[in-house]
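Biologist: I have this one open on my screen. Please walk me through it, starting with the helices.

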Amino acid sequence: MFSPASTTSPRTVKSRLARQFGLYCLSLVLAIPGSAQTFQTASYALDGDPSFSFGATAPDEFAMAAAIQARLGVAVSVVTSLPNENVGFAPVMANSGTTPFHVYGPSFGGVIKDLNINYPVVTGITQASIRFAGTELDFCGDVVDRFILRVSTTTQFYDVLVRYATCSGPANVLWSFYEISAPRPLLDVVTPSPTPKPVRLVSAVSRKMHGAAGPFDVNLPLLGPPGIECRRTNVTSGDYTIVFTFSETLNSVSDAIVLSGIGRVRDSGIGADPHQYIVNLANVANDQTIVVRLEFVQDSEGHASPAVDASMSVLIGDVTANGKVTSADVKQVKAQVGHVVTMFNFRDDLNHDGFIDSFDVSIAQNHKGTAVAR
Ligand SMILES: [Ca+2]
């Protein structure tokens, strides 16, 4: 059965053809009405070098843009229209629907390849944009999204129809670059400046819900010593949430990673407020500083940055934020016991349950003597 898992080595003509043919045959079998066979799990992927898996969720234009961006290594913005769009502009560079029925897809370094023969069809791509282009029904019964991708080099642009290449049963769909136009000169197309200005990060915070008292943010200064997160998480999970806020609304962020420190990114995405990018961390260790990096950040004003970082020191119990837990921290928590949790004392609610009580005092007490390097 088809697996969308990434492979790094170029595949041979033979293996790819065999794979495509096998998928096609399987699809025909499954398309027969009355077939009782169903697939256990949904699986969506983009064919490329290597292919990209969307997992069990069918991609929208944002997910497709992120996937193509990850494979091309070039920023892909989402748009609603493309001026002078024409995927069939003659002579077309590629068409999967005609002889020799090859499959095309993205490859790192701004390249589109004929994946059957591992040959670059378009090179030198420096930027791209994509729009949603309606749906169609594949032969496995899926309603499948289509997209139009515009890729540009420094002098010309191509339009690409991104369409399902094959399916291997319901909810198992593989997209590819189905048709690629001939190049056209960039003259009548607005070209962003070749070196876009960087995006502007306004703030970074560590956000936690304090029960019914609501969410409170520990500020993570962008310069100077890292902010200190003193609140304890669920003992086993080490969950923290970093909220990055930018001056402009975001178009895309390629990825969020842990650059240094102990912890991992559980998930991330543009927030309900599109000025924000939210990174949910897990397994974050205490007594350390973690640096979270956003890669390939692009905003709606055309600003772009290859990397945006935020640093957070984690020291549970350090309510005074001086890098060590001492009797002064215990004293401060004790002084707030019974008080309503507000923006002025939320640090003292160490288990962020919305109450400052003996549990919080004991958390500070239990961490006395710990420190984090400043
Ligand atoms: Ca508490």
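Modeller: The buried residues of H3 pack against H4. Helices and strands here are DSSP runs numbered from the N terminus, where a helix is H or I with at least four residues and a strand is E with at least two. Residues are numbered from 1 along each chain as its sequence is written. This is a predicted model: local features need pLDDT of at least 70, side-chain atom pairs count only at pLDDT 80 or more, and totals for chains, interfaces and linings use all residues.

Biologist: Which are the buried residues of H3?
Modeller: Asp329, Val330, Val333 and Gln336. They sit on the same side of H3, because they cover an arc of only 130 degrees around the axis. The arc is that of the directions from the helix axis to the C-beta atoms. A residue is buried if 20 or more other C-beta atoms lie within 10 Å of its own, exposed if 12 or fewer, and partly exposed in between, with C-beta atoms placed from the backbone.

Biologist: And which residues are exposed on the other side of H3?
Modeller: Ser327 and Ala335.

Biologist: What about H4, which are its buried residues?
Modeller: Helix H4 covers residues 358–366, and its buried residues are Asp360, Val361, Ile363 and Ala364. Their arc is only 160 degrees around the axis, so they are on the same side of H4. These buried residues pack against helix H3, residues 327–336.

Biologist: How many helices and strands does the protein chain have?
Modeller: Four helices and 21 strands. The chain has 374 residues, of which 40% count as buried. Of the contacts with a separation of 6 or more, 63% are between residues 24 or more positions apart. Two residues are in contact if their C-beta atoms, placed from the backbone, lie within 7 Å.

Biologist: On to sheets. What is the order of the open sheet of five strands?
Modeller: E14-E13-E16-E19-E18, with antiparallel pairing. Strands E14 (215–219) and E18 (264–270) stand at the edges with a single partner strand each, so one side of each has no neighbour in the sheet. The twist averages 25 degrees from one strand to the next. Angles of this kind run from 0 to 180 degrees between N-to-C directions, with axes that are lines fitted to C-alpha atoms, for helices over the stretch in contact. Two strands pair if DSSP finds at least two bridges between them.

Biologist: How many bridges join E16 to E19?
Modeller: Six, between residues 240–246 of E16 and residues 276–282 of E19. Ile242, for instance, has Val279 as its bridge partner in E19.

Biologist: Do tell me about E21. Which strands is it joined to, and are they parallel or antiparallel?
Modeller: Strand E15 (residues 227–229) runs parallel to strand E21 (residues 304–314), with three bridges. Strand E20 (residues 288–299) runs antiparallel to E21, with 10 bridges. Gly227 stands opposite Met312 in E21, and Glu295 stands opposite Ala307.

Biologist: New topic. In the largest nonpolar core, which residues touch the most other members?
Modeller: Ile68, Ala128, Ile130, Leu149, Val160 and Ile242, out of 86 residues. The largest share, eight residues, comes from strand E10, residues 156–167. At least three residues come from each of domain 1 (10–188) and domain 2 (201–366). Those domain bounds come from an automatic or database domain assignment. A nonpolar core is a set of buried Ala, Val, Leu, Ile, Met, Phe, Trp, Tyr and Cys residues joined through C-beta atoms within 7 Å.

Biologist: What does Ile68 touch?
Modeller: Val76, Pro106, Ala128, Ile130 and Leu149, not counting residues up to four places away in sequence.

Biologist: Last topic, the backbone. Where are cis peptide bonds?
Modeller: One joins Asp49 and Pro50, with omega about 0 degrees. Pro50 is in the loop between strand E1 (43–46) and E2. Another joins Ala90 and Pro91, with omega about -10 degrees.

Biologist: Which residue has a positive phi of about 50 degrees although it is not a glycine?
Modeller: Asn118. The place of Asn118 is in the loop between E6 and E7. Asn118 counts as partly exposed because it has 15 C-beta neighbours inside 10 Å. Ala321 is another residue other than glycine with a positive phi, near 60 degrees, and is found in the loop between E21 and H3.
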